[in-house]
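Please open the model in a viewer and keep a selection panel at hand. The stops below are given in the order in which they may be selected.

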Amino acid sequence: MIEFKLPSLGADMDKGTLLEWRVQPGDAVSKGQVVAVVDTTKAAVDVECWQEGNVHELLVGPGATVAVGTTLAVFREPGDTPEQLAGARARISAAAAAAAAPVAPAPAGGAPGLRPPAVAAAAERRVSPAARKRAQELGVDIDAVQGTGPHGAVSIADVERGAAAKTPAPADRARALRQTIAMAMARSKREIPHYYLAEEINLASAVEWLRRENERRPVTERLLLACLYLKAVALAARRHPALNGYFRDGEFRPSEAVHLGVAISLRGGGLIAPAIHDVDRLSLAELMRAMSDLVTRARAGSLRSSEMSDPTLTVTNLGEQSVDAVFGVIYPPQVALVGFGQVRERPAVVQGEIKPAQTVTASLSADHRASDGHDGALFLATVRELLQHPERLTP
């Protein structure tokens, strides 16, 4: 038997709202399959299951807000007996019921919203074909909508009110997102002993290599300088594992994989840093496609749970905002953050002569519990070396 619980989709998450189930009782579930959609205030996240089984029972209905760790569903495994499943259900049903957010009654004058599916199913009511179609368009569980017609009949207006009740207003979401970010960053500065390093990197070789590389590529497959940044950081992280991993339970645990969190500004305000997986193993073309896809989905609010929970090191690039350097706050439980500023033409000494050169300031914010300034300096030196020899970024 598998208890499918609400995972933590980032260190700043303590609860989430179940928006949608992608499976039903009796369905077979495979590893990596998206089984639910959860709202985390930052985004609507596709939650994956990393075990195999069959859906036995869904314990929490769409619209419920529950704490991280709450059991959302029970999956059967081969060999499970009815007695084992019944016993497990008895143990977790009380906790699941307590964790689910109660649904407030409709205010006077009626603005009915969502209610638990079991309640809706018990009511004798009708659903018009138009209302059912509208519910599908809005992603609303029709069984969770309270009807206001005769005998509880559900109309299009009921569905739209239910959708409005499920989705926070933009202003409320922006406020909640800002509070979430503030709490996470305050915790980071309070608990993590940061140290900061910076290095100015001459990008003449990288810019020229990128120009030649893009000349031979179709327009739709051209690379951005940001792609080279990510690849250089990933390869440097592989060489210097003290900057890549997690600080948990009082100790640092380096990660064998390099999953780079990419800081992305959201259109409604706020910031999110989902991961691109195994960046050190991707070709530049694969990395460029993955980066474009991640930015598009992040701003559309369509991310996967593994992208939110897996980053081992985060990269932020504020070059487009015309800043020279950025010294970011580490996102726990990670132990480092790399920043890049704007590429500017500055005087540089090249073979004993002062010449204009395009340079960028690369910065490192690191956790003194996992590394020291010497480690951080070697890491930045590796990033510099790779960007000044961009041919080494290709597999």
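Select aspartate 249, which lies in the loop between strand S10 (245–248) and strand S11 (251–254); helices (H or I, at least four residues) and strands (E, at least two) are DSSP runs, numbered from the N terminus. Phi of aspartate 249 is near 50 degrees, a positive value in a residue that is not glycine. Its relative accessible area is 72%, so aspartate 249 counts as exposed; the classes are buried under 20%, exposed over 50% and partly exposed in between, with a 1.4 Å probe and protein chains only. This is a predicted model, in which local features need pLDDT of at least 70 and side-chain atom pairs count only at pLDDT 80 or more, while totals for chains, interfaces and linings use all residues. Residues are numbered from 1 along each chain as its sequence is written, and side-chain values use heavy atoms, with hydrogens and water left out.

Next, select aspartate 278, in the loop between strand S15 (275–276) and helix H8 (284–300). Aspartate 278 has a positive phi of about 50 degrees and is not a glycine. With a relative accessible area of 25%, aspartate 278 is partly exposed. Most residues other than glycine have a negative phi, and most peptide bonds are trans.

The peptide bond between proline 332 and proline 333 is the next stop: it is cis, with omega about 10 degrees. Proline 333 belongs to the loop between strand S17 (313–317) and strand S18 (336–340).

Continue to strand S19 (residues 344–350) and strand S20 (residues 353–367), which pair in the antiparallel sense over 7 bridges; two strands pair if DSSP finds at least two bridges between them. Valine 350 has glutamate 353 of S20 as its bridge partner. The hairpin of S19 and S20 has 2 residues between the strands, and glutamine 351 takes a positive phi near 50 degrees there.

Now display helix H7 (residues 225–239) together with helix H10 (residues 373–388). At what angle do H7 and H10 pack? The angle is about 135 degrees, and the axes are 9 Å apart; axes are lines fitted to C-alpha atoms, for helices over the stretch in contact, and angles run from 0 to 180 degrees between N-to-C directions. H7 and H10 are therefore oblique to each other, a class that holds the angles left over after under 35 degrees (roughly parallel), over 145 (roughly antiparallel) and 65 to 115 (roughly perpendicular). On the H7 side, the residues in contact (heavy atoms within 4.5 Å) include Leu228, Tyr229 and Arg239; on the H10 side, Phe379, Glu385 and Leu387 are among them.

Move to the open sheet of 4 strands, ordered S1-S8-S6-S3 with antiparallel pairing. Its edge strands are S1 (2–5) and S3 (28–29), each of which pairs on one side only. S1 is joined to strand S8 (residues 71–76) by 4 bridges, and the two run antiparallel. Lysine 5 has threonine 71 in S8 as its bridge partner.

Then select glutamine 84, in helix H1 (residues 82–99). Glutamine 84 counts as partly exposed because its relative accessibility is 45%.

Of its 395 residues, 45% count as buried.
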